[in-house]
Amino acid sequence: MRLEAHHLTKSYRRGQTHFNAVANASFSLDDGAFVSLIGRSGSGKTTLLNMAIGLLSPDSGEILVDGNNLFSLEERQRSDFRNEKIGYIPQGRSLLGNLTALNNTRLPFHLKRRSGDSLQKARELFSQLGISHLENSYPMELSGGELRRVALARALINSPELILADEPTSDLDIDTAREIWELFSRLNAQGVAFLVATHDVELSHRGNAIWKMHSGRLIQEAG
Amino acid sequence: MADKVFTPHRLALQNLRRKPYRNLGLAALVGIFSAVLFGGSILNGQLSKGLESLSARLGADVLIVPYGYERVATAALLRGEPSTYYMRKEVLDSIRAVPGVAALTPQFFLASLIDSCCSEHVQIIGFDPESDFLLRPWMQNIITRLGDDEIVVGSKIITSVGDRLFFFGKTYRVAAKMAPTGMGLDTSVFMPLETLYALIRGNPYLPKLLENPHFLQKLDPPEAYISSVAVKVDPGTSPKAVGNAIMLAHAVEYNLDLVIAENIVAETARRLHGLAVSVYWVAAGIWLLAILVISLVFSVSASERKQEMSLYRLLGAQRSWVAGLLRWEAFSICLGGSLAGILVAFCVIFPFSTLIFDGLQLPHLGISGGSIAGYALLTLALSGLSGPLACANTVWSLTRFDVYSSLREAE
């Protein structure tokens with residue numbers, strides 16, 4: 001899958017003034033990419049990620065998925081795109097409190113009619129991520145690192161081609177944060193593309209490219 | 001763990017478990033509505049059937065009773081309330097001579113005290129087998145074949161054909177049981193006038209057992225007295241006009257009063273209508289209240305659930321899926337509450353129906369299982385509908401908000 005953005009701009013109003021959360025950003029992501037998107041809080045990283053998955057429409061510019069304009073698709077098709085092609089790890093605690101870790105992971109699989117055994121697949125992912133012992137735990141019983149691993153398992157359940165992670169290690173200790181990035185690297189080696197928003201400059205070097213966001217502007221550089 | 005698919009239905013049930021007390025409260029409200037609607041419909045159905053039976057099978061057009069006993073006679077006819085009142089029998093010939101009278105038949109009432117066969121007072125009704133047209137529709141040809149010691153019992157008297165019942169020191173064989181009438185006749189015991197007169201004549205127990213023994217002193221001899229005269233008027237003649245003619249000619253002489261049968265039906269229909277309207281207004285009120293409260297609770301919880309809904313959307317759930325989830329939650333609350341309400345109403349109405357109808361003092365007849373099922377389905381349908389109606393506003397708002405913004409707010 002090739003994901004391209006052309007001249008994306010998104011502005012917001014804060015009080016009496018307008019400001020550009022994302023200003024004229026363009027990029028392309030190919031299969032197997034591992035991009036770290038760094039920048040300070042409020043630099044526009046989350047806005048860019050949300051536009052990239054079709055959740056937030058830009059004021060101008062376009063997102064192309066394999067050459068097709070994401071925002072010319074119907075809302076239903078954009079939902080399918082997120083469900084099938086993208087694995088998304090939102091910022092903060094993003095698991096549903098009334099579901100076990102395993103069922104949280106299985107949920108995206110069942111948001112669309114598809115054949116297969118989500119239970120077996122979720123268990124394989126748990127095993128792969130070293131969290132098999134957490135299957136029946138509820139989110140409130142999990143540590144920050146465990147929550148991220150479960151969120152990663154959930155992002156992987158539909159075998160997406162691209163995973164977008166928004167500050168996946170922001171509230172983790174350095175060792176746990178490293179472990180999470182290790183997992184990303186391992187999965188990337190298996191062919192999954194990553195676009196990871198972070199403000200941890202040290203860890204960002206584990207990707208093969210670093211993009212910087214500064215006041216809504218996207219600056220790309222080699223990793 | 002079984003591989004259960006995450007349908008909105010399953011997930012809705014899991015979500016409801018998060019706030020069990022709140023959801024049980026909402027379900028209880030729907031349950032009250034269902035109990036009122038289902039229970040009220042069953043009662044109304046039974047009363048309507050009683051009214052149909054009353055108007056279709058009340059054989060007399062006019063009932064002549066002693067002066068001052070109009071209400072008592074109506075109560076005896078509709079509810080089988082034991083009553084004792086008498087007038088001289090020669091009134092029969094006088095009434096027969098009034099123009100417009102097509103047929104007439106006398107009755108003699110004797111109220112027993114609590115008898116071994118019955119849990120309450122029993123009205124013993126003596127009738128004339130030759131001229132009777134009041135009881136015949138429920139008794140077919142049995143009344144002309146009754147022996148001296150044989151009686152017929154109403155459908156609600158707990159006994160079987162062939163059993164022997166004991167009244168005022170004399171034993172009688174139950175020759176037949178009447179078909180249900182929905183009226184007071186169901187709790188009465190019937191015997192030919194001659195059998196009843198024989199029971200009264202020189203009976204040593206009567207003065208001790210009769211509710212109003214002073215009547216006995218007047219009944220000398222008993223065969224010279226009757227309690228009421230049922231009159232059928234000529235076809236095309238107004239019962240009211242014939243009744244007035246009887247009153248005009250003989251009211252003073254015999255101290256008479258009259259009951260117009262169609263007035264009983266009209267009065268019963270009016271009370272029944274009043275009851276039905278009250279039940280349905282109350283049910284409608286509770287239904288609206290339930291919808292309003294559920295809607296309010298869902299709206300209030302909408303803001304705290306925005307992040308959850310955003311997550312579904314983020315993970316690729318379509319708006320219709322999220323809407324379905326919310327509708328299932330509301331529907332499940334309503335369905336559960338409704339089933340419980342129907343069950344409670346069922347458990348209250350059927351075991352206590354005698355008590356309830358005694359309180360209502362209206363004729364009634366049992367309704368079919370099909371009708372009961374129909375009322376249950378109607379109640380379930382209305383309750384089920386209230387779920388999606390109640391959450392419509394929340395569904396609309398929670399499927400159209402800005403997912404990105406609500407996720408940012410939650411961070």
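Predicted model: local features only at pLDDT ≥ 70, side-chain atom pairs only at ≥ 80, totals over all residues.
Reader: Where is Arg82(A) found?
Author: Arg82(A) sits in helix H2 of chain A, which covers residues 75-85.

Reader: Why is buried Arg82(A) said to have no salt bridge?
Author: The nearest side chain of opposite charge is Glu75(A), 4.6 Å away. A salt bridge needs the two atoms within 4 Å. Therefore Arg82(A) and Glu75(A) form none.

Reader: What makes the approach of Arg82(A) to the backbone oxygen of Arg313(B) a polar contact?
Author: The side chain of Arg82(A) reaches that oxygen at 3.0 Å. The cut-off is 3.5 Å, so the pair counts.

Reader: Which residues is Arg82(A) in contact with, leaving aside its neighbours within four places in sequence?
Author: In chain A they are Ile53(A), Gly54(A) and Leu55(A). In chain B they are Arg313(B), Leu314(B) and Gly316(B).

Reader: How many cavities of 30 Å³ or more are there?
Author: The count comes to five. The largest cavity holds about 120 Å³ of space.

Reader: What makes up the lining of the largest cavity?
Author: It has 15 lining residues. Nearest its centre lie Leu77(B), Phe109(B), Ile125(B), Leu134(B) and Leu185(B). Helix H3 and strands S3, S4 and S8 of chain B each give two or more residues to this lining. H3(B) gives the largest share, three residues.

Reader: How many helices and strands does chain B have, and what share of its residues is buried?
Author: Chain B has 15 helices and eleven strands. Of its 411 residues, 52% count as buried.

Definitions and conventions:
Residues numbered from 1 in each chain as written. Chains lettered and ligands numbered in written order. Heavy atoms only, no water. Helix = DSSP H or I, 4+ residues; strand = E, 2+ residues; numbered from the N terminus. Buried < 20%, exposed > 50% of the residue type's maximum accessible area, 1.4 Å probe, protein only. Lys, Arg positive; Asp, Glu negative; His and termini not counted. Polar contact = N/O pair within 3.5 Å; in protein donor to acceptor, adjacent residues only side chain to side chain. Contact = heavy atoms within 4.5 Å. 1 Å grid on protein atoms, 1.4 Å probe; cavity = no way out; pocket = protein on both sides within 12 Å on 5 of 7 lines; lining within 4 Å. Points joined across faces, edges and corners; volume = space filled by probe spheres on them.
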